[in-house]
There are 2 protein chains.
Amino acid sequence: MSDRVFATYEIETAFPLEQAAATMAGEQSTGTFVRVPGETDALREAHAARVEALEELGEVSAPSLPGSGLPKNGGDGKRRRARVTLSWPTSNFGLSLPNLLATINGNLSELKAFSGLRLVDVTLPPAFLTRYQGPQFGVAGTRRLAGVYDRPMIGTIIKPSVGLSPEATAEQVRALVEAGVDFIKDDELQADGPHCPFEARISAVMRVINDHADKTGKKVMFAANLTGEMDEMLARHDHVLREGGTCIMASMNSIGLPAMKMLRAHAQLPIHGHRNGWGMLGRSPAIGMSYIAFQKLWRLAGIDHTHVNGIDNKFCESNESVIASARECLTPMFPAPHAGCEIMPVFSSGQSARQVPATFAALGSTNLIFAAGGGIMAHPGGPGAGVRALQQAWEAAVAGVDQAEAASQAPELRDALAAFAG
Amino acid sequence: MSDRVFATYEIETAFPLEQAAATMAGEQSTGTFVRVPGETDALREAHAARVEALEELGEVSAPSLPGSGLPKNGGDGKRRRARVTLSWPTSNFGLSLPNLLATINGNLSELKAFSGLRLVDVTLPPAFLTRYQGPQFGVAGTRRLAGVYDRPMIGTIIKPSVGLSPEATAEQVRALVEAGVDFIKDDELQADGPHCPFEARISAVMRVINDHADKTGKKVMFAANLTGEMDEMLARHDHVLREGGTCIMASMNSIGLPAMKMLRAHAQLPIHGHRNGWGMLGRSPAIGMSYIAFQKLWRLAGIDHTHVNGIDNKFCESNESVIASARECLTPMFPAPHAGCEIMPVFSSGQSARQVPATFAALGSTNLIFAAGGGIMAHPGGPGAGVRALQQAWEAAVAGVDQAEAASQAPELRDALAAFAG
C-alpha cells in the first residue's frame, strides 16, 4: 500500500509543461529559488514531490488569470492547459489534514508560471484512518435515525433565513412535520443570533418534533446549526442531544478542519456539513478546487451529509458538476477492508418535483436528501401536498414510470408540475 | 455607534445594478425564491440586509466567470461592473466571526445573477472586541520580544522546506543567528512530519537560540510552525514557551477561525499568521476576497503578524496589492479609544536589498518584518554579509540616501546589488 498522497491539478501555463509541473513539485516540497546547501540528493530522493502524470489538454488564446509570467526565452508563444498529478510521501507532513492542506494547496495558486491552477482531486492513503474517524453515521446511520428507507429523505429549510423567533421557528417546524417531511434544516444564516438564541430555538423546535414523534412514531430529523466557536459548538451539541435531537449542522468554511475533527470526536449525532462560501473556491474554472477534492477532506474529518446543489439549481453550478459531487459522496474513499467514508449528498437550491427524474437518472441511487423550500411551501395544495408530490415523483422515477403519466394518477404531483413549470 | 456590519463587493452582472444588489441583500438575509408566510414587513425592517452604496465601474464585453444568467427580459444587452456595499445588523448573527463569514460570503459567489463577485472590504463595529481578543503583541510587543527598534526586523526562512532533521534545522539556525538575523520562521510545509517532529525540532533550535542569547544578549525570534489539530497546537505552544521560544506560527487557511480564537486565548506568545492557500481566494479579480477583508477577520481572532508578499515578488501579486495589504495591517480596525488591532506585515517571496527603497517609499514605515531566503543565504559574502546588506539598504532608505550612493560606502550592499541584479 502506497504511503503517498496524490493530488491532481488543472493548470494553464506559457512554460513548457514538464518545467511547469517540476516547479509545482519543487515549490511544495524541497525547493526554493536558489538551491541551498542542505538540499542534498538523498534529501531530495526522500522528500521531493514527484510528477506522476502530465496530460496536455489543449491551447488557450489568453491567460485566464492576471499576474502570470513568461519563460525567460519567451517560450514558444503558446499557452497550454494540462492535467498534472503530483505525489508526496506522508512523511513530509504526517497524517495531518491541516498540514496536508498546506502542502497540496499552499502557495501553488500564487506561482507566476501559471495563469490557471485548480486542484481537481486528491487521493489519500488509508493510514489517515488511524488519525481521523470519518463519518460516524453516514448513509445507513442517517436513514436509521430518520426511519426512512428505500427512498430519498425529503427535506426542507426554515425560511425566512433570519428574523424568526424560537417560537415562530417552532411553528414553522410544526407545519412541516405535519406535512410529512423527513428532514428540516436551520438556515446557515441562523445559528445563535440574539433574536433567536440557539438553545431556545432548539428547545422549542424539539418540543414540536418530540410531540409529533410521540403521536405518530415518526421522528423528523432537524439539522441544528451550531456553527460558532469551539466551546459553543460542543455545548450546543450536548443541548441538541439532551433535547432528543438527531442531527447537528456546521458551516465547514466557517469553522475549519481542526474544529470539525474535535466536533466529530465529541459528537453522538450525525454532522450536516454545510458548504456555504464554497463558491469562492469552486466557481472559477481557473483557480480554487473542485468539490470532489474538498468533500474528501471533510468526510475524513467526520461529516455525514453535504450539499451538492441540484439539477437545474438556482445557482450557477452545472448539472455535470452537481452529479459528479453527489456520486463522489457515495463512492468509497478507501478500498475495502478500510472504511469507505460514504456520506449522504444533499440536493437543494430551487428543487421541485420537476428535477426528480433527471436526478435519479444521473445518480442511479436514492441515497440522498432531496431538499425543497418553495417547492414544498408554495405547493398550491399546501406543504403536505408539496411533500406528497415529491414522494410521488420519486416513486415514479424509481419505478421507471414517465413523470407525466405518473402525474395523471397523482393529483399532488400534477399540481406541483403545473405550479413549478419553471 | 452603529451596530451594523458593512461589506463591500465588486460585482459583474447583466442585471440592472439595483436589482442585482437587492438580490445579494435578499439571499444573505431574509430572502428565498418565493416570499414565505413568516416574512413580515416588521421582520424585513429589522433583519433585511441593506444596500448602502452602489457605484457603477464600467462595462465588460464578456462574462468573467461561467454559469451566470440573464434577466428574463434579456436586459439591455450590457454587462456591468460595480462596487456594492451591503450592511446587516449584528443581531442577525451575533458577535460571531464564523457566523459573520456565513453571512458576508455564504452563497453569494454562487448566485446566477453574477459573472463576478468578490468581497473587497469589511467593516465591523467595535462590539466585536467584547468577544475577540485581537492581537496580544502586535507591532510593539513583537519588537519588544525581538529587541529590535527603529528599523525593520530582518527575517529569513528555513530551507529546504522539508527533509531536514531537527539537528540539521538547528545547524541552519546556528548559521542564521550568527549571521545576525532578527527573525527566523519554519517553512509552512514543516510542522510535525515524522522525520522532523515538532518537539525535537523546537528543542534543538531553541538550544541554539538560547546559547546565542546567553553569549550576545540577542534573542532571535523563531516562528515555530505548530499547525495541526487543536490539542496538538495548544501542547506545542506550551513546548515552545517551555523552551524559551518567543513566537508561534499557524497556517490560517488550514486551521480556521475558531481554532485561532482558541489558540489566541491560550497563547502567551505572538502568533505568526501564515496565509498559504491564500492564492485560491485572492488571485482572481472576479471571485474570492481581498486580503484587506481577510486579514481583518484574522487580526480580530488574534494574529500578530501576517504575510503580504513583497515588491516585485516571485509570485503573481501586483505591487499595488502588496502595499495595500501591508498598509491595512498597520491601520487601526476600530476608532480610538478602542483597540486598533494593528499587526506586523511580513514582506517575503524573492526579496533582496534591491526592493528596499521601493518598499519604504510605498509603506512609509519600518514597522515590518523583511524576510529574505536566497537573498540572505546566497549573498556572495555569506549569510552575515547578506543580513548586513539588508540593514544597510534600510538605513539608506530611511535616511533618504540613494541606494547606489549608499552601496559605494557599503561593500555588503554593493555585493548584494551585484549578486541579485534580477
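Me: Which strand of chain A do two bridges join to E9(A)?
Reply: In this predicted model, the strand joined to E9(A) by two bridges runs parallel to E9(A). Strands (E, at least two residues) and helices (H or I, at least four) are DSSP runs numbered from the N terminus, and two strands pair if DSSP finds at least two bridges between them. The partner covers residues 305-307 and is strand E11 of chain A.

Me: What pLDDT do local features need in this predicted model?
Reply: Residues are numbered from 1 along each chain as its sequence is written, chains are lettered from A and ligands numbered from 1 in the order written, and side-chain values use heavy atoms, with hydrogens and water left out. In the predicted model, totals for chains, interfaces and linings use all residues, side-chain atom pairs count only at pLDDT 80 or more, and local features need pLDDT of at least 70.

Me: What is the bridge partner of A:Gly273 in E11(A)?
Reply: Strand E8 (residues 247-251) of chain A is parallel to E9(A) and joined to it by four bridges, and there A:Ala250 has A:Gly273 as its partner. In E11(A), A:Gly273 is bridged to A:Thr306.

Me: Which residues of strand E9 of chain A point the other way from A:Ile271 and A:Gly273?
Reply: In a regular strand the side chains alternate between the two faces of the sheet. The residues of E9 (271-274) are all buried, that is, under 20% relative accessible area, where exposed means over 50% and partly exposed in between (1.4 Å probe, protein chains only). Opposite A:Ile271 and A:Gly273 point A:His272 and A:His274.

Me: Which backbone oxygen lies 2.8 Å from a polar atom of the side chain of A:Gln28?
Reply: A:Gln28 sits in the loop between helix H1 (17-27) and helix H2 (41-47) of chain A, and counts as buried at 1% relative accessibility. Beyond its neighbours within four places in sequence, A:Gln28 is in contact (heavy atoms within 4.5 Å) with residues including A:Trp88, A:Thr103 and B:Leu189. The oxygen 2.8 Å from its side chain belongs to A:Thr103.

Me: Is B:Ser290 buried or exposed?
Reply: B:Ser290 lies in the loop between strand E10 (287-289) and helix H11 (291-301) of chain B. A polar atom of its side chain is 3.3 Å from the backbone nitrogen of B:Ile292 and 3.2 Å from that of B:Ala293. With a relative accessible area of 9%, B:Ser290 is buried.

Me: Which residues touch the most other members of the largest nonpolar core?
Reply: A nonpolar core is a set of buried Ala, Val, Leu, Ile, Met, Phe, Trp, Tyr and Cys residues joined through side-chain atoms within 4.5 Å. In soluble globular proteins, nonpolar side chains tend to be buried together. Among the residues that B:Leu124 touches are B:Val5, B:Leu97 and B:Phe334. Of the 224 residues in the largest core, those touching the most other members are A:Tyr9, A:Leu124, B:Tyr9 and B:Leu124.

Me: What is the area buried between chain B and chain A?
Reply: The contact takes 93 residues from each of chain B and chain A. Buried area is the accessible area (1.4 Å probe) that two parts lose on being put together, summed over both. Carbon and sulfur atoms give 59% of a total of about 7300 Å².

Me: How many salt bridges are there between chain B and chain A?
Reply: A salt bridge is a side-chain nitrogen of Lys or Arg within 4 Å of a carboxyl oxygen of Asp or Glu. B:Glu232 and A:Arg131 meet in one at 2.7 Å, N to O. The whole structure holds 44 salt bridges over all chains, and the count between chain B and chain A is four.

Me: Why are A:Glu171 and A:Arg174 separated by about one helical turn?
Reply: Their side chains meet in a salt bridge at 3.5 Å, N to O. A:Glu171 is partly exposed at 46% relative accessibility, and A:Arg174 is partly exposed at 30%. The separation is about one helical turn because, in helix H5 (residues 166-179) of chain A, the two are three residues apart.

How values were computed:
Polar contact = N/O pair within 3.5 Å; in protein donor to acceptor, adjacent residues only side chain to side chain.
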